[in-house]
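Have the sequence and the 3D view ready as you read.

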Amino acid sequence: MTADGLFRRMFGGKTYKLALGCSDSCPNRNADGSGGCIFCGNSGSGDFAEICMTADEVYGAIERAKSRVAAKVGTDARYIAYFQSFTSTYAPVKRLERVFRAAADREDIVALSVATRPDCLGGEILGLFRNLVKRKPLFVELGLQTANEHTAALINRRYPLEVYDEAVRRLHECGANVITHTIIGLPGESAEDAVRTAAYAGRVTDGIKLHLLFVTDGTKLAEMYRRGEYAPLTPDRYADILCRCIKALPDGVVIHRLTGDPPKSVLLAPAWAADKKRTLAFVSEKLTEQGIRRLT
């Protein structure tokens, strides 16, 4: 099943995510903004998200996000408040409670989605989540990226695999729906590495995002690319690995993403990633060729 299918079943119609933010950093970055994972830029993977610190700021950010998608949504559209940028639980708990509750209390918001790291889920955060799920469904997206510990060190993820395992267990105890974010095309990784990561996450997660690694300006990965130390995947290679990853997933795992959506202003490579519609059409064709029907 795709995320669209899941949301239609849960909420009774087409559902759109509104990109928001509640943190401007993560434990993996230095005070001056340096450090972090090698692919993460200055916006923390939330290029369209406004950072909110008060209930009023949440209200304004949601209204502006709705206006950005107004041209493509119907009058009966449903919305998920998606706290996307940086590590969304790396902030004072009182601020997070204000912001999350302000979004959850709106009638036009059917669910919350929070993107974070498995090592940023302390007891107070989990307690907040337990209360939130009493108000609205809660999706928590964990950035695993890879199950290969060698690659994890190379990309500067800075937490071991067992931390992810424990985070999934504790989030499920809270009643959250867990989505795992993985990246295809990481430096030094083979197709088999990517497939093993998908299979590893698939055993415990509710949903998965399969993401193309792209190179954006201002990142450590960009420096590697310019020195000739990293070559991005071709469309054919990416589609082939993606198909293999999907085949490795249990039937019950919901597929939330098949590629990324890089900001064109800072995208260095691969150039083909800038055309998301064309990429998705190409991927869909390859899935059909290989007889993969779970996305239809």
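Let's begin with rings: Phe 7, Phe 11 and Phe 139 form one aromatic cluster. Before going on, a word on the source: this is a predicted model, where local features need pLDDT of at least 70, side-chain atom pairs count only at pLDDT 80 or more, and totals for chains, interfaces and linings use all residues. Residues are numbered from 1 along each chain as its sequence is written, and side-chain values use heavy atoms, with hydrogens and water left out.

**Rings that meet**

Rings of Phe, Tyr and Trp (its six-membered ring) pair if their centres lie within 6.5 Å; planes under 30 degrees apart are called stacked, over 60 edge-to-face, and the rest tilted. By this rule, the model has 6 aromatic pairs. In one of them, the ring centres of Phe 83 and Phe 100 are 4.9 Å apart with the planes at 65°, so this pair is edge-to-face. Phe 83 is in strand S3 (residues 78-83) and Phe 100 is in helix H3 (residues 93-104), so the pair links distant parts of the chain, 17 residues apart. (Helices are DSSP runs of H or I with at least four residues, strands are runs of E with at least two, and both are numbered from the N terminus.) Both Phe 83 and Phe 100 are buried, where buried means under 20% relative accessible area, exposed over 50%, and partly exposed in between, using a 1.4 Å probe and protein chains only.

Another pair, Tyr 238 with Trp 272, is tilted: 6.1 Å centre to centre and 45° between the planes. Tyr 238 lies in helix H9 (residues 235-247) and Trp 272 in the loop between strand S10 (267-269) and helix H10 (276-289), so this pair ties together parts 34 residues apart in sequence.

Charges can sit over rings too: the rule asks for NZ of Lys or CZ of Arg within 6 Å of the ring centre and within 35 degrees of the ring normal. Here are two cases:

| Charged residue | Ring | Distance from ring centre |
|---|---|---|
| Lys 14 | Tyr 16 | 5.6 Å |
| Arg 157 | Tyr 159 | 4.3 Å |

**The nonpolar cores**

In soluble globular proteins, nonpolar side chains tend to be buried together. A nonpolar core here is a set of buried Ala, Val, Leu, Ile, Met, Phe, Trp, Tyr and Cys residues joined through side-chain atoms within 4.5 Å. The largest one has 70 residues, and Phe 83, Phe 100 and Leu 112 are among those with the most contacts inside it. Apart from it lies another core of 14 residues, including Ile 155 and Tyr 230.

Thr 197 is found in helix H7 (residues 191-202) and counts as buried at 2% relative accessibility. Leaving aside neighbours within four places in sequence, Thr 197 is in contact (heavy atoms within 4.5 Å) with residues including Leu 144 and Thr 182.

**Strand S1**

Finally, 6 of the 7 residues of strand S1 (residues 15-21) are buried, so S1 is largely enclosed by the rest of the structure. S1 and S3 run parallel, joined by 6 bridges; strands pair if DSSP finds at least two bridges between them. Thr 15 stands opposite Arg 78 in S3.
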